[in-house]
Amino acid sequence: MREDIRKERVKKYGSFLYCTHRDTICSYMDNELAICPRADCILDDPGYIALQERIAKNRLKNSGQAEKEELYPARKEQKQKPMSRREYLLEQIKRKEELSERLYRENKPKAADMVFRQAQIMKGELQK
C-alpha cells in the first residue's frame, strides 16, 4: 500500500485496516482500493466463529482458575517434629547401612566398607 493512501485512511478512519462495510478492523483491507478481496467476510466464516467462541471459553476458564489459585497453597502435610539426637543418629545409621549394601551389590567394596565403618562409629556414639 502506498504511504499517502495509508496516511489518508488513518486520518479518516483511525486505521488503514478499517472496513467500512462491517465497521471493524480487517487484515484483508491492506490494499490501495479499500475493497476486501474475499467474497465472503471472515466474520461470517463458521470456522472463524467457532475459533473465536473457543478462545472466549478458554479465556473465561483461565481467568476463573487464576482467581481460584492461591498465592501460597496450604500445606497438606504437617511439619515434621524436631528429632532428638538419638532419632537423628538412628536414621543416619540406617541410611548408611542401606548405602553400604547397595555399594556392595554394585561391586564397590572399598566405598561400601568405608560407609559401613562410618555407620559402626555412629552406633558406638549412640551407645555412649
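These legends accompany a set of close-up views of one predicted protein model.

Because the model is predicted, local features need pLDDT of at least 70 and side-chain atom pairs count only at pLDDT 80 or more, whereas totals for chains, interfaces and linings use all residues. Residues are numbered from 1 along each chain as its sequence is written, and side-chain values use heavy atoms, with hydrogens and water left out.

**View 1. The whole chain and its elements.**
The protein holds four helices and two strands, which follow one another from the N terminus in the order α-β-β-α-α-α; here helices (H or I, at least four residues) and strands (E, at least two) are DSSP runs, numbered from the N terminus. Along its principal axes the C-alpha trace spans about 95 × 35 × 30 Å. The radius of gyration of the protein is 36 Å, while a compact globule of 128 residues would have one near 14 Å; this radius is taken over C-alpha atoms, and the globule rule is 2.2 Å times the number of residues to the power 0.38. The accessible surface comes to about 11300 Å², with 52% of it belonging to carbon and sulfur atoms, as given by the Shrake-Rupley method with a 1.4 Å probe, where for residues only the protein chains shown count as cover. Buried residues make up 16% of the 128 residues, where buried means under 20% relative accessible area, exposed means over 50%, and partly exposed lies in between (1.4 Å probe, protein chains only). Of the contacts in the protein with a separation of 6 or more, 29% are between residues 24 or more positions apart, a contact being heavy atoms within 4.5 Å.

**View 2. The loop around S15.**
S15 is found in the loop between α1 (3–13) and β1 (18–19). Its relative accessibility is 16%, so S15 counts as buried. When its neighbours within four places in sequence are left aside, S15 is in contact with R9, V10 and I25.

Helix α3 covers residues 85–105, and its 21 residues should span 30 Å at 1.5 Å a residue, which agrees with the 30 Å between its end C-alpha atoms; the expected span is 1.5 Å times one less than the number of residues. The buried residues of α3 are L89, Q92, I93, S100 and L103. They cover an arc of only 105 degrees around the axis, which puts them on the same side of α3; the arc is that of the directions from the helix axis to the C-beta atoms. An α-helix has 3.6 residues a turn, so residues three or four places apart point the same way. What covers the buried residues of α3 includes α4 (109–127), whereas the face of α3 turned away from its buried side carries the exposed residues K94 and R105.

**View 4**
E101 forms a salt bridge with R105, the closest N and O atoms being 3.5 Å apart. These two residues are four residues apart in helix α3, so E101 and R105 are separated by about one helical turn. E101 is partly exposed at 45%, while R105 counts as exposed at 62% relative accessibility.

**View 3. The end of α3 and the loop to α4.**
N107 lies in the loop between α3 and α4, where, just after α3, this residue takes a positive phi of about 60 degrees. Its relative accessibility is 65%, so N107 counts as exposed. Between N107 and E32 there are 75 residues in sequence separation and 80 Å in space, C-alpha to C-alpha. K108 forms a salt bridge with E106, and their closest N and O atoms are 3.6 Å apart. K108 is partly exposed, with a relative accessible area of 42%, and E106 is partly exposed as well, with 40%. R102, E106 and K108 are linked in a network of salt bridges.

Notes
Salt bridge = Lys/Arg side-chain N within 4 Å of Asp/Glu carboxyl O.
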